[in-house]
Amino acid sequence: MIMEKGISSIEVIPSKSSQVTAVKVLVKEPETKQTQRGKRVGFVLVHAGAGYHSESKAKEYKHVCKRACQKAIEKLQAGALATDAVTAALIELEDSPFTNAGMGSNLNLLGEIECDASIMDGKSLNFGAVGALSGIKNPVSVANRLLCEGQKGKLSAGRIPPCFLVGEGAYRWAVDHGIPACPPGFSLAAFKRNKRKLELAEKVETDLIQLKKRRQSYEKGSRVKCSARGRLPKTKDGSCCFCLCVLQENDSGTLDTVGAVVVDQEGNVAAAVSSGGLALKHPGRVGQAALYGCGCWAENTGARNPYSTAVSTSGCGEHLVRTILARECSCALQTEDAHQALLETMQNKFIGSPFLANEDGVLGGVIVLRSCRCAAESDSSQEKPTLLVEFLWSHTTESMCVGYMSAQDGKAKTHISRLPPGAVAGQSVAIEGGVCRLESPESRTADSSLHCRECE
């Protein structure tokens with residue numbers, strides 16, 4: 001498909017399963033302003049969750065993604081490590097009242113906040129994570145500190161430093177390492193959101209009980225009205241799905257997990273993820289955001305990897321854990337066609353995974369980044385070192401909010417990706433993305449990229 005500058009197109013890609021639809025949106029952007037001499041380069045891609053984003057709050061979702069991108073780029077331009085840049089982006093996302101992370105997180109059955117977070121460094125391959133953590137404003141800062149401490153080597157008596165801590169132990173470790181505790185409690189926004197979830201769940205559960213009692217009377221396709229939404233959505237086998245109804249109705253409260261992926265000037269990648277988990281979850285529940293290979297993955301290029309890759313996931317934690325989706329996506333991105341590789345992974349390793357064969361709808365999303373060194377021709381006929389960055393996002397949920405920015409951009413671009421009309425959440429895949437060419441500070445040539453027309 002040949003694209004002209006400033007022209008967009010949507011291509012519906014046939015898939016092996018009639019239940020899966022992929023949407024590819026590519027737009028060639030006119031050349032941007034020249035890179036300033038001496039300015040460091042880098043790129044960040046963030047997400048504010050895969051779930052359902054209402055049009056009424058679209059501005060807020062996009063704004064927090066812009067701020068997160070700017071925080072990461074500020075770190076990269078100051079010469080910070082990729083892990084510090086990705087942590088800065090996550091802290092901004094955790095501090096927003098519109099995201100399910102940090103102190104604005106969903107509440108468990110006891111009305112408490114328990115957060116999960118993890119981070120991975122593509123250069124060292126070190127990993128840090130916390131699970132079911134309470135009393136700390138920014139869980140990702142604890143995960144990053146665990147990663148940093150782990151790089152210092154063994155503890156006294158030859159003990160191996162921890163990379164993953166949970167609950168009270170994680171809290172005490174954080175405080176002992178200078179991370180300030182915050183007063184117990186939760187935000188008013190989180191309280192209202194969870195109260196709404198509980199009320200809706202009770203209504204839908206009542207309707208579901210009535211439906212089962214009257215199923216014989218509706219064998220010809222009629223469906224019982226749902227007081228919460230009007231109709232209960234159907235799943236693969238034609239039955240009604242309680243989870244999808246709650247997902248679509250609960251607006252921002254269903255957004256699960258925020259995340260970011262970063263590549264710095266040296267080509268080092270890092271990925272991070274943070275989540276407040278499912279609303280009304282059982283105390284002590286740990287989701288994919290804390291688990292190795294499930295919430296995030298980062299790996300620099302090496303002898304067996306032609307590309308550096310970074311991945312951050314979002315969605316139903318149980319689905320992402322059982323498919324180890326972050327690691328699966330990273331491995332798939334080592335093939336030549338990144339878009340096709342990600343599409344096939346979402347189809348075959350997620351929606352079509354044998355580990356989720358009994359699930360009515362498989363809900364999740366990913367942001368991915370891969371980069372490699374290449375040479376670009378300059379006016380002086382000399383080849384200049386260039387970092388080629390491909391970035392994509394894909395989701396099976398109703399929508400996913402993303403933002404991205406390079407160190408050479410004046411501002412971040414944001415986009416709310418949505419499934420196309422007629423596509424069924426949990427059974428369909430949307431995939432979008434683009435390419436960014438990052439040139440060294442000494443090279444005063446222009447940067448060009450591919451991005452979504454709706455990004456702004």
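The briefing below goes from the whole chain to its sheet, its cores, its cysteines and single residues.

This is a predicted model, in which local features need pLDDT of at least 70 and side-chain atom pairs count only at pLDDT 80 or more, while totals for chains, interfaces and linings use all residues. Residues are numbered from 1 along each chain as its sequence is written, and side-chain values use heavy atoms, with hydrogens and water left out.

**Overall make-up**

- The chain has nine helices and 17 strands, where helices (H or I, at least four residues) and strands (E, at least two) are DSSP runs numbered from the N terminus.
- Of the 456 residues in the chain, 55% are buried; buried means under 20% relative accessible area, exposed means over 50%, and partly exposed lies in between, with a 1.4 Å probe and protein chains only.
- Among the contacts in the chain with a separation of 6 or more, 72% are between residues 24 or more positions apart, contact meaning heavy atoms within 4.5 Å.

- An open sheet with mixed pairing is formed by eight strands in the order β6-β5-β4-β10-β9-β3-β15-β16, two strands being paired if DSSP finds at least two bridges between them.
- The edges are taken by β6 (164–166) and β16 (413–418), and because each has a single partner strand, one side of each is left without a neighbour in the sheet.
- On average, neighbouring strands of this sheet are turned by 10° against each other, direction ignored.
- Within the sheet, β3 (residues 43–51) and β15 (residues 399–406) pair in the antiparallel sense over seven bridges, and histidine 47 stands opposite valine 402 in β15.
- Helix α2 (residues 82–94) lies across β3, β4 (115–121), β9 (258–263) and β10 (269–275), and runs at about 155° to β9; axes are lines fitted to C-alpha atoms, for helices over the stretch in contact, and angles run from 0 to 180 degrees between N-to-C directions.
- Helix α3 (residues 139–150) lies across β4, β5 (127–133), β6 and β10, and runs at about 140° to β5.

- Strand β11 is joined by four bridges to strand β12 (residues 308–315), the two running antiparallel, with glutamate 299 opposite threonine 309 in β12.

**Nonpolar cores**

- The largest nonpolar core has 47 residues, of which Phe43, Leu45, Leu342, Val366, Val368 and Val389 touch the most other members; such a core is a set of buried Ala, Val, Leu, Ile, Met, Phe, Trp, Tyr and Cys residues joined through side-chain atoms within 4.5 Å.
- Helix α9 (residues 338–351) gives the largest share of this core, six residues.
- Another core, of 44 residues, lies apart from the largest one and includes Ile73, Val86, Ala272 and Ile416.

**Cysteines**

- The structure holds zero disulfides, a disulfide being a pair of cysteine sulfur atoms within 2.5 Å.
- The sulfur of cysteine 65 is 3.8 Å from the closest cysteine sulfur, in cysteine 401, which is too far for a bond, and cysteine 65 is buried at a relative accessible area of 0%.
- For cysteine 372, the closest cysteine sulfur is in cysteine 374 at 5.6 Å, again too far for a bond.

**The annotated position and other single residues**

- UniProt, in an unreviewed entry, places the feature "active site" at Thr257; UniProt positions are given in the numbering used here, feature names are shortened, and annotations may be inferred rather than shown by experiment.
- Threonine 257 is found in the loop between α6 (242–249) and β9, and is buried, with a relative accessible area of 1%.
- Leaving aside neighbours within four places in sequence, threonine 257 is in contact with residues including His47, Asn100, Ser274, Gln288 and Thr313.
- Lysine 66, in helix α1 (residues 58–77), counts as partly exposed at 24% relative accessibility.
- Leucine 133 is found in strand β5 and is buried, with a relative accessible area of 1%.
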